[in-house]
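Please consult the model shown here.

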Amino acid sequence: MVGRLQVGEGNEEALVTLYQIGRAPNSPSLTPFAIKLETYLRAANIPYKNDHSGKKSSKGKFPWISYKGKPVADSEFCIEFLNKERNIDLNSHLSEEQKGVGRALQKMVEENTYWVLVLDRWLYDKTNGVCIAFKIPSIMRWLPRRKFVGFAKKQGIGLHSKAEVEQILRKDVKAISGYLGSKKLLFGDKISQYDTAVFGQLAAMKYEPFGGMAGGVIDEFPVVCAYLDRIKTELWPDWEECNTGGGTRQATK
């Protein structure tokens with residue numbers, strides 16, 4: 001599926017610096033877009049190092065990269081930039097039809113499924129798991145909750161009931177499961193750029209469920225679970241080193 005990982009290898013000039021918000025309790029990041037981007041770097045065998053200092057991009061968001069002195073914001077623009085700079089194309093084995101399907105699946109998970117994750121973490125989870133992970137004091141937790149739930153309402157999905165949102169997620173995951181079928185990855189045995197995007201969103205739900213409902217919905221679909229576990233095993237052999245063990249220790253990578 002992928003060549004030898006080169007995390008942090010090579011001379012400093014050749015390294016991509018990946019700016020993140022820090023490691024998460026049970027996964028490499030609390031943001032699925034960082035998981036997507038780091039998974040892409042591994043799939044494309046690009047040497048990189050992480051920066052968890054909290055330095056934001058020019059757009060005020062995470063993740064972002066710096067390569068040969070050039071900063072690039074937004075996970076998708078980072079990937080497009082590196083594809084061009086390093087002459088990489090993880091989709092070279094795909095037909096135009098498959099690229100169209102991949103684009104549709106990516107946009108579904110990043111523009112629709114993602115908002116289920118937002119509501120699940122900031123509204124439905126009564127354990128305050130994401131607030132605890134971010135070390136937000138109890139007295140201040142209402143502020144980011146209001147912010148993110150407000151974003152979801154503006155997007156539209158936040159206007160639905162919890163049962164309706166859960167059904168939206170179930171239909172999204174069912175669509176992915178149906179398309180995967182018996183394939184190892186979305187388009188066969190070889191990883192594509194679209195796999196990294198789908199993995200980023202669904203891995204954040206499955207492996208970092210906190211007290212919400214999203215992880216349970218994904219667990220209803222064994223084909224999807226096997227798909228996520230497959231990518232995790234292949235591209236993230238150091239997964240446990242890239243999380244904080246449920247918040248009990250520092251990540252070593």
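Q: What makes strand 1, helix 1 and strand 2 a β-α-β unit, and of which hand?
A: Strand 1, helix 1 (residues 32-43) and strand 2 form a right-handed β-α-β unit. A crossover is called right-handed if, with the strands pointing away from the viewer, the path from the first strand over the helix to the second runs clockwise. Helices (H or I, at least four residues) and strands (E, at least two) are DSSP runs, numbered from the N terminus. The model is predicted: local features need pLDDT of at least 70, side-chain atom pairs count only at pLDDT 80 or more, and totals for chains, interfaces and linings use all residues. Residues are numbered from 1 along each chain as its sequence is written, and side-chain values use heavy atoms, leaving out hydrogens and water.

Q: How do you know that strand 1 pairs with strand 2?
A: Two strands pair if DSSP finds at least two bridges between them; strand 1 and strand 2 (residues 48-51) are joined by four and run parallel. Asp-51 is the bridge partner of Tyr-19.

Q: Why is Thr-196 called buried?
A: Its relative accessible area is 0%, and buried means under 20% (exposed is over 50%, partly exposed in between; 1.4 Å probe, protein chains only). Thr-196 belongs to helix 7 (residues 193-206).
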